[in-house]
Amino acid sequence: MSIKTKITCIGAGYVGGPTMAVIADKCEDVRVTVVDINQARIDAWNGDALPIFEPGLDEVVARARGRNLFFSTDIAGAIKDADIVFVSVNTPTKTFGHGAGKASDLQYWEKTARQILEVCDEGKIIVEKSTLPVRTAAAMERILNSNDKGLHFEVLSNPEFLAEGTAIRDLFAPDRVLIGSHQTESGLAACEKLVEVYAHWVPRENILTTNLWSSELTKLTANAFLAQRISSINSISALCERTGADVDEVAHVVGRDSRIGAKFLKASIGFGGSCFKKDILNLSYLCEYYGLPEVAAYWESVVKINEWQTHRMVSTMLERMFNTIAGKRIAVLGFAFKANTGDTRESPANLVVRDLLNERALPVVTDPKAIPDAKRDLADVLDRVVFEEDVYKACEGAHAVVVCTEWKCFAELDWKKIHAGMEKPAFVFDGRNILDAAALAKIGFEVACIGKGKAD
Ligand code: NAD
Ligand code: UGA
């Protein structure tokens, strides 16, 4: 099939890789090149073991790679050759200077804009794929269009809503695709060009177009709303524990109200992931910047409750385990921030392990996919943490097991066998409410779940 459009994506990470693989898979007349400064990452994308674990991704890449999907480190060449350039680089929280700890660190972003300008000898459509502070497109345009080559660049905002672990499913059938553009003739024409790409497989009514600033702000708002639901139910989980209510029952019935909806009401040890905290703090910083301290404080409280919820886990352990866990082996089941991913960024398990170490316990970490990343995250305390591939061995001789990630395989373990090998009384702390608490109690475990008080 002849190629109609050439796309280059800068950044071959959790978003750039899967998103571009799906575009290539669904659009045989589009040639997609994904570039990155990280040679090892690009080598992995070109090899048999892809750099990220994502259900269904291997198959998509196998279909498109070498046909109309390419991975390369020739960033300049790929930018020059493209009609549309997506920018999907990381936008972490700033760690220095003004806004440290809250604002987005846009240095990678600005470098990318300058590099695009340097290598281009014709104007292009530039697409913000990364999650960015509202009005970033204005800064990008000023850099790009301040050239003395007479080139015009049109910047679009096309935020990504995929969730890790379900990325391929989300990309194949998105609830919506959002494209923001200037409402000018050239802005709308660029927008239509991108709409045509997605329209290869997304129904037109699910491709929503807005002005640029609405699009940028929608992405931050969507993540803030999702995280807010988790913090809301987690705050109620604490009250359930004090009152004898059951948070899963409360969430189920609350979620049956069609105005509220059932999703994202699963109480947990806290949300993790590279984006919720980063994006909410960024939103909060923007509110402060625009003179809205009350709004900033409102959103920041979502992050504060989340951290409090995670710290509650080791407090509960202390309370149940006779106020001391010093010297006790504790099996930590799961280090990924959620199931079906090897990603550990901002994982609540990291905080739990550090809280355990503060109490001088002996954490043993096990995870079906995330041990390599866990070792990286815990590099500063490696001598005090044990890593164990085999979950049964991790639990052997432990005083307690704490479930930090909702991997299905943990619910399917032979818990009788685990109980037999543990110190007694054997404790289970289910930070995800995925285990059959009644069955575990029958085996002889002392069980503590999130948001489940004593019913009598
Ligand atoms: P990531 O860290 O996995 O990937 C970013 C990649 O960009 C890295 O491989 C890095 O080497 C590369 N990079 C950085 N600077 C570069 C440069 N100048 N030139 C070329 N490559 C460069 O990050 P991610 O998880 O893919 O997130 C990217 C953006 O997408 C972020 O803004 C994030 O908020 C947003 N987002 C992420 C998710 C998610 O599920 N991870 C979902 C939606 C949106
Ligand atoms: C989230 C959003 O769901 C995506 O729409 C968004 O694109 C993405 O952030 C992003 O911008 O990066 P992700 O972080 O990959 O996706 O995963 P989620 O499924 O949202 O889970 C986030 C965290 O919340 C996980 O730790 C998960 O275990 C936790 N969670 C989720 C709960 O504790 N309870 C729930 O009911 C749902």
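How many residues surround ligand 2, and which are the closest? In this predicted model, local features need pLDDT of at least 70 and side-chain atom pairs count only at pLDDT 80 or more, while totals for chains, interfaces and linings use all residues. Residues are numbered from 1 along each chain as its sequence is written, chains are lettered from A and ligands numbered from 1 in the order in which they are written, and side-chain values use heavy atoms, with hydrogens and water left out.

**View 1. The shell around ligand 2.** Ligand 2 is surrounded by 21 residues, and the closest are Phe161, Leu162, Ser268, Phe337 and Arg432 (a residue counts when one of its heavy atoms lies within 4 Å). By class, this shell holds 11 nonpolar, three polar and seven charged residues (Ala, Val, Leu, Ile, Met, Phe, Trp, Tyr, Cys and Pro count as nonpolar, Asp, Glu, Lys and Arg as charged, and the others, Gly among them, as polar). Helix 9 (residues 212-243) supplies the largest share of the shell, four residues (helices are DSSP runs of H or I with at least four residues, numbered from the N terminus).

**View 2. Backbone polar contacts of ligand 2.** Oxygen atoms of ligand 2 lie 2.7 Å from a backbone N or O atom of Leu162, 3.0 Å from a polar backbone atom of Gly272 and 3.4 Å from a backbone N or O atom of Leu265 (a polar contact is a pair of N or O atoms within 3.5 Å). Taken alone, ligand 2 exposes 700 Å², of which the protein buries 89% (Shrake-Rupley method, 1.4 Å probe).

**View 3. Side-chain polar contacts of ligand 1.** Among the 25 residues that surround ligand 1, the closest are Asp36, Arg41, Thr91, Glu164 and Lys278. A polar side-chain atom of Asp36 lies 2.6 Å from an oxygen atom of ligand 1, and a polar side-chain atom of Thr91 likewise lies 2.6 Å from an oxygen atom of this ligand. A nitrogen atom of ligand 1 is 2.8 Å from an N or O atom in the side chain of Glu164. The protein covers 92% of the 840 Å² of accessible area that ligand 1 has on its own.

**View 4. The largest nonpolar core.** Of its 43 residues, Ile7, Ile23, Val32, Phe86, Ile179 and Tyr198 touch the most other members (a core is a set of buried Ala, Val, Leu, Ile, Met, Phe, Trp, Tyr and Cys residues joined through side-chain atoms within 4.5 Å, where buried means under 20% relative accessible area with a 1.4 Å probe, protein chains only). Helix 8 (residues 185-198) gives the most to this core, with six residues.

Conventions:
A polar contact is a pair of N or O atoms within 3.5 Å; within protein, one must be able to donate a hydrogen and the other to accept it, and residues adjacent in sequence count only if both atoms are side-chain atoms. Helices (H or I, at least four residues) and strands (E, at least two) are DSSP runs, numbered from the N terminus. Buried means under 20% relative accessible area, exposed over 50%, partly exposed in between (1.4 Å probe, protein chains only).
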